[in-house]
Amino acid sequence: MLGATGSIGASTLDLVRREPERWQVVTLTANGNAEELAKLAREFSAELAVVADEGAVPRLREALAGTPVRAEGGKAALVEGAGLAADITVAAIVGCAGLAPTMAAIAQGRTVALANKEALVSAGEVMTAAVRASGATLLPVDSEHNAIFQCLSGADLADVRWITLTASGGPFRDWPAERLALATPAEAVKHPNWSMGAKISVDSATMMNKGLEFIEAYHLFPVGTERLRIIVHPQSIVHSMVEYRDGSTLAQLGPSDMRVPIASALAWPARMDTPCAPLDLAAIGELSFRAPDEVRFPATRIARHAAAAGGGVPAVLNAANEVAVAAFLAGKLAFTHIAAQVEETLGRFAPSSPSTLDEVIAIDAEARARARELLELA
Ligand code: NAD
Ligand code: MG
């Protein structure tokens with residue numbers, strides 16, 4: 001479980017906790033929250049607990065003293081922990097920081113339940129080629145991609161007319177443009193339908209989340225950018241759709257609870273129980289849809305162009321977005337400047353086309369440096 005202390009980590013471990021006889025936890029990782037990680041490692045009798053932040057190792061060791069859990073820290077330990085023998089790895093670190101450990105799990109040829117969309121956006125073909133080479137199985141946990149995966153259920157992509165990603169539209173869906181410029185971090189992280197980590201919540205507010213998901217879908221379901229669409233669906237009940245050439249559209253519906261797609265990936269191709277409330281469509285009453293507004297929310301347009309450009313461009317988009325979101329959360333960048341910063345960084349840095357993990361990581365680092373330079377100029 002990569003990213004055990006996060007929102008996806010908590011949802012995953014909640015499912016594991018309900019069926020202890022079914023699961024044996026090998027590795028749990030976190031960034032710097034050693035105390036929480038130690039608590040989870042004790043509860044789930046993990047073999048190894050890893051903090052990415054080496055400075056947190058003494059606290060982790062202290063908190064795990066007297067237990068058989070091995071405690072390690074740093075990037076190399078994270079990669080080592082991700083590579084330990086296991087049947088399934090849940091990749092739920094936030095950001096490109098999760099790329100190397102996710103690739104380590106893929107290299108083992110195992111099943112990887114992928115929530116960490118930034119890793120796939122940045123590495124693109126480098127990751128999908130590694131999946132093919134090792135024989136790994138990549139199961140999407142992101143609710144939209146998990147929905148598409150279920151609606152496709154092995155269909156021939158040549159029979160697909162459209163893949164439609166649904167978007168809630170985020171907390172500012174109905175805000176006028178003037179008000180968006182004044183949006184605060186506290187307002188941005190308050191998502192109307194989902195409870196998630198801060199970074200993805202801001203991405204939902206800017207619609208960059210849907211932009212990243214567009215690129216994610218492009219790699220997971222290679223139908224070409226022209227057959228991928230985005231539609232705003234405020235209720236977040238239809239998680240995405242596939243329309244076939246004969247006019248049939250299949251959709252996956254469910255409550256806005258990540259334990260549903262996580263369970264789908266954990267048990268695939270079987271099914272498992274979740275504690276989620278059954279879908280009560282009569283109570284919900286109405287499902288509505290509308291076209292996205294790319295004037296107020298330009299992120300999906302920027303991401304679509306990055307997907308079409310390919311090569312290292314999506315890695316630059318992702319890195320610039322991570323820097324801009326962090327600056328916004330720190331109160332150093334206006335909400336509407338997040339997408340503008342990303343576009344500006346893309347305009348100033350034309351990366352090469354990476355063919356190895358190290359090349360992706362180098363592009364990510366260079367793009368972050370450029371994005372930070374721009375922030376200082378602003
Ligand atoms: P979160 O912020 O709640 O948790 C992130 C996890 O990653 C934590 O365990 C944290 O310790 C770890 N982490 C952070 N920085 C790290 C670093 N530099 N090195 C190593 N570990 C680090 O985030 P989340 O909401 O759980 O999202 C995790 C991933 O899943 C993201 O890629 C997000 O886009 C994706 N996702 C989340 C949801 C959701 O509902 N939360 C839905 C779909 C996809
Ligand atoms: Mg999603």
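Modeller: Happy to! Keep in mind that this is a predicted model. The magnesium ion (ligand 2) is coordinated by three residues, D142 through OD, E144 through OE and E213 through OE, at 2.1 to 2.2 Å. Along the sequence these donor residues follow the spacing D-x1-E-x68-E. E144 sits in helix α8 (residues 143-152) and E213 in helix α12 (residues 208-220), so this pair ties together parts that are 69 residues apart in sequence. With the cut-off for buried set at under 20% relative accessible area, E144 counts as buried because its relative accessibility is 8%. E213 counts as buried too, since its value is 1%.

Now for ligand 1. It is surrounded by 23 residues, and the closest are T5, S7, N31, E118 and G197. By type, that shell divides into 13 nonpolar, seven polar and three charged residues. Several polar contacts reach the protein backbone: an oxygen atom of ligand 1 lies 2.9 Å from a polar backbone atom of S7, and an oxygen atom of the ligand is likewise 2.9 Å from a polar backbone atom of I8. For N31, the distance from a ligand 1 oxygen to a polar backbone atom is 2.8 Å. On its own, ligand 1 has 820 Å² of accessible area, and the protein covers 86% of that. As for secondary structure, the elements that contribute two or more residues to the shell are α1 (7-18) and α6 (117-123).

Terms used:
Residues numbered from 1 in each chain as written. Chains lettered and ligands numbered in written order. Predicted model: local features only at pLDDT ≥ 70, side-chain atom pairs only at ≥ 80, totals over all residues. Heavy atoms only, no water. Donors = N, O, S within 2.8 Å, 3.2 Å for Na, K, Ca; no water. Helix = DSSP H or I, 4+ residues; strand = E, 2+ residues; numbered from the N terminus. Buried < 20%, exposed > 50% of the residue type's maximum accessible area, 1.4 Å probe, protein only. Near = heavy atom within 4 Å. Polar contact = N/O pair within 3.5 Å; in protein donor to acceptor, adjacent residues only side chain to side chain. Areas by Shrake-Rupley, 256 points an atom, 1.4 Å probe, with all protein chains shown as cover. Nonpolar A, V, L, I, M, F, W, Y, C, P; charged D, E, K, R; others polar.
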